[in-house]
Amino acid sequence: VEVSPNSAEPDDEEATRKSRAAMNWWTSSINWTKFQNELATAFLIYGTAFVKVYCKKAGVKKVLCPVCDANGKQMAGADGMPIYDDKEYDLNDICADVLVPFEVYPDPAADTPDFDKCNRVIVARSRPLEDVKKAYGNNEIEADSDISTSLSHQVLRVGEAGGVEKPKNLATVYEYWERPSPDNPDGKFCAFTKREILTPEQGLPYAYKKIFIVKFDARIQPKRFWGISPLSDLRDIQSDLNYLWTVLWHWLKLHGIGKWWKYANALRNNQVINDDMTQVLDVTPGSMPPGLINNSNPPGAIIELIK
């Protein structure tokens with residue numbers, strides 16, 4: 001991740017220096033290497049992955065701020081000393097989460113890889129119930145009673161068979177994001193569960209009024225929102241390999257077991273020959289004894305497939 005100045009102006013250079021320091025602090029605080037690996041794994045497997053950036057409250061800090069008059073001049077007390085006032089400021093950590101396609105529901109009208117042209121999106125994530133209560137300050141939130149509301153388990157179909165224990169105390173939080181428009185210059189945002197409104201409908205959070213979700217595609221498709229996974233290129237190779245193994249298996253099954261030949265009526269009472277090497281076979285007088293059939297080499301088609 002690199003931050004470059006927009007121009008050679010001193011203000012841009014200073015802003016770049018501060019941005020680099022902030023970026024270096026952030027990448028070290030979130031374990032950047034682990035985050036990159038998680039993101040790369042997600043969009044290589046699914047073809048598309050997302051990163052949601054948000055602020056998480058980390059505490060409150062009191063700061064002494066000068067008390068100023070209407071003209072912006074700091075006021076002084078009777079003793080001539082400047083007056084300061086304690087103000088509380090929320091401390092927030094900048095966080096980032098990797099989202100997979102099962103957790104993101106884009107605008108059905110989105111028909112381009114460009115996420116900026118997706119006007120609305122819903123993010124649905126299953127989280128521990130206690131974490132949801134703490135994050136939204138709402139103790140009335142209830143856990144999902146149906147396992148299907150947990151999207152990750154819904155996709156993996158965990159808990160349906162095999163005696164797998166169903167996860168408990170999970171709540172799925174839905175977030176609705178809508179970009180600013182002439183009718184809604186501040187955009188729209190709200191958060192809810194299946195039973196509770198966590199954040200009433202309001203404008204987009206933060207000052208920039210943007211959807212703070214970044215989309216990553218392994219390989220884009222024209223006129224399609226979702227990307228293509230490089231693993232899809234391996235399907236034809238895997239299909240050919242599967243076909244080769246199938247043909248080889250049938251050939252080995254056909255030729256791997258010794259086969260006997262005999263003249264008609266050479267054995268008495270149609271005796272069946274088995275693989276017991278100590279068995280004595282009764283042969284009709286005057287008939288040729290049975291013999292093993294020599295196996296041939298694999299067909300040329302199999303050799304070509306192996307090549």
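**Close-up 1. The buried residues of helix 3 in this predicted model are L129, V132 and K133.** These three residues cover an arc of only 100 degrees around the axis, and therefore lie on the same side of helix 3; the arc is that of the directions from the helix axis to the C-beta atoms. On the other side of helix 3, E130, K134 and A135 are exposed, where buried means under 20% relative accessible area, exposed over 50%, and partly exposed in between (1.4 Å probe, protein chains only). The buried residues of helix 3 pack against strand 4, strand 5 and strand 7 (197-202), and just after helix 3, G137 takes a positive phi of about 60 degrees. Helices (H or I, at least four residues) and strands (E, at least two) are DSSP runs, numbered from the N terminus.

The model is predicted, so that local features need pLDDT of at least 70 and side-chain atom pairs count only at pLDDT 80 or more, whereas totals for chains, interfaces and linings use all residues. Residues are numbered from 1 along each chain as its sequence is written, and side-chain values use heavy atoms, with hydrogens and water left out.

**Close-up 2. The largest nonpolar core has 21 residues, and those with the most contacts inside it are F50, F115, V121, W177, I211 and I213.** Strand 4 (120-128), helix 3 (129-136), strand 5 (170-178) and strand 6 (188-192) each supply at least two residues of this core, to which strand 5 gives the most, with three residues. A nonpolar core is a set of buried Ala, Val, Leu, Ile, Met, Phe, Trp, Tyr and Cys residues joined through side-chain atoms within 4.5 Å. Apart from this core lies another, of ten residues, among them L39, V51, A96 and V100.

**Close-up 3. Leaving aside its neighbours within four places in sequence, I213 is in contact with F50, V51, K52, F115, V121, V123 and W177.** Contact means heavy atoms within 4.5 Å.

**Close-up 4. S229 is found in the loop between strand 8 (213-217) and helix 5 (235-255).** With a relative accessible area of 10%, S229 is buried. A polar atom of the S229 side chain lies 2.5 Å from the backbone oxygen of L44. When its neighbours within four places in sequence are left aside, S229 is in contact with L44, I45, Y46 and G47.

Notes
A polar contact is a pair of N or O atoms within 3.5 Å; within protein, one must be able to donate a hydrogen and the other to accept it, and residues adjacent in sequence count only if both atoms are side-chain atoms.
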